[in-house]
Amino acid sequence: MTFEENTKPVLSLQDLHKSFGERAILKGIDLDIYKGDVVCIIGPSGSGKSTLIRCVNFLEDPTSGIIAYHGTDVKKAFKKLPLYRAKVGMVFQQFNLFNNMTVLENCMVGQIKVLKLDAKTAKETALQYLKHVGMADYINAKPQQLSGGQKQRVAIARALALKPEVLLLDEPTSALDPEMVGEVLKVMKALADEGLTMVVVTHEMAFAKDVASKVIFIDQGVIAEAGKPEDIFVHPKKKRTQDFLSRFNVFSQAKM
Amino acid sequence: MSAMPTTFFGWVYFLLQEYGTVLFKGALVTLLLAIVGTFIGCIIGLIVGIIETIPEDKNSSALAKFVLKSEKRLLDAYVEIFRGTPMIVQAMVVFYGAMSLFSIDMSPLFAGFFVVSINTGAYMAESMRGGIDSVDAGQKEAAIAIGMDHFQAMRCVILPQAVRNILPQIGNNLIINIKDTSVLNVISVTELYFASKSAAGVYYKYFEIFFITCIIYFVMTFTASRLIRWWEGKLDGPHDYKLVHDPLADPTGLLPVAPTPTKKGR
């Protein structure tokens, strides 16, 4: 890979705004995501973290601003968004596995319908990623027969089966029992170690601290502070960041 | 001719012998009307439900928006009119209206199929819309997020779940139709009620005949209801699943990554 390619962001958000009616949620977000980045987005509830990540693959239509994919404006370049969305995988807080399909079918349907792959190839890829998240034994199960952690791992495999360039994770562990958080974080850490580009909205500060290459603190619709994890967690500059993190620190110290 | 029966059950037995075939044929017509009517009604309902839930695309042209909007209004009108008037009246209007307005002389049976179908369609359209709305919004979002368009998401994800959810409604409609096709006697469709009325008139044995009719209706509706239950269970699939130890899934990596050899030919 050339230096040139490495320095161009895969995704670039430029002055992104999103309002619901009168209520402005995002008020000008600029963010570059490079290949291999693990960007963790933290911040208080209602700050716009989820809206931001949902704007990235146009589940919410940004009110204004540009989302560029390898330098081209997605809105202009992709008349139809599906192919872009296949390149940008999404994992939801509520898993959202297709309830009418088995685990295997969940991981195959996108490949067949969107990437137009044949069933055999789709099955091999699906099995490969299900194995990766440790769920290959469960290919015949229906989502309602799985635990939360298992569902989320399948959801990650479903997204990976499309071989996305960037994986978006919207609070992937927030709906899980504490016991199951670990198994999902482990999968995410392994993916990060393999160099997968990820954007994670999370409340798991320990994960952000260990795994993130970049941490974004969002407050009231703007990026209040951004930087390397050690900058944000050890030497936060802004008062607001310090306040937010102090709550987590008190908690984690109390645990120890 | 032998002596006439004297007891209630004697009459029932006698009438069954005399008119059993007529009643049986009537029951067949009733069943046919109900099943075909419900089936076509479901298809109408499905189509209306799908069109009614097409989201408005902000980027589409003004003409496309207008067409979609007027289609929806038209379908709304259809649903309101056919839900809001009795089927017995619809039968009269369709059968005699077709004759006097368009000089179409349709057979009573055809008019019957037509009325039952569009009447059921109006009800099913609302059920279908409810069924589609009842599927968690996250399902649609996930489908969109992996790159499906609206119609792919509908076909692969939403509709299978929506149809499963409204299966009890479909059963309801089938049972209602088995009973309510009786109103088609006003346009002389020879269904079960019409056949019973004709048979009862001969000996003036209304109670005896309609006792039999009652049982026939109940057997038909009860069977329909059980069949729908069975179908629901079948759609739900097995309650457990088997773990699959696929070679590809072997975490130790000791097994070769190759298709399992089949017993045949080895």
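## Aromatic pairs

Across all chains of this predicted model, the count comes to 13 aromatic pairs (rings of Phe, Tyr and Trp, the last by its six-membered ring, with centres within 6.5 Å). One of them joins W11(B) and Y203(B): the ring centres lie 5.7 Å apart and the planes meet at 55°, so the pair is tilted (stacked is under 30 degrees, edge-to-face over 60, and tilted the rest).

This pair bridges distant parts of the chain, with W11(B) in helix α1 and Y203(B) in helix α7 (residues 192–203), 192 residues apart. W11(B) is buried at a relative accessible area of 10%, while Y203(B) is partly exposed at 23% (buried is under 20%, exposed over 50%, partly exposed in between, with a 1.4 Å probe and protein chains only). An aromatic cluster is formed by F8(B), F9(B), F207(B) and F211(B).

## Helices α1 and α8 of chain B

Let's turn to the helix packing. Helix α1 (residues 8–52) of chain B packs against helix α8 (residues 206–236) of chain B at about 45°, with the axes 9 Å apart. That angle makes α1(B) oblique to α8(B) (roughly parallel is under 35 degrees, roughly antiparallel over 145, roughly perpendicular 65 to 115, and oblique the rest). The crossing is right-handed, meaning that the near helix is turned clockwise from the far one by less than a right angle.

The contact (heavy atoms within 4.5 Å) includes W11(B), L15(B) and L23(B) of α1(B) and I212(B), Y217(B) and M220(B) of α8(B). Its residues divide into 15 nonpolar, one polar and one charged.

## Notes on the model

Local features need pLDDT of at least 70 and side-chain atom pairs pLDDT 80 or more, whereas totals for chains, interfaces and linings use all residues. Residues are numbered from 1 along each chain, chains are lettered from A and ligands numbered from 1 as written, and side-chain values use heavy atoms, leaving out hydrogens and water.

Methods. Axes fitted to C-alpha atoms, helices over the stretch in contact; angles between N-to-C directions. Helix = DSSP H or I, 4+ residues; strand = E, 2+ residues; numbered from the N terminus. Nonpolar A, V, L, I, M, F, W, Y, C, P; charged D, E, K, R; others polar.
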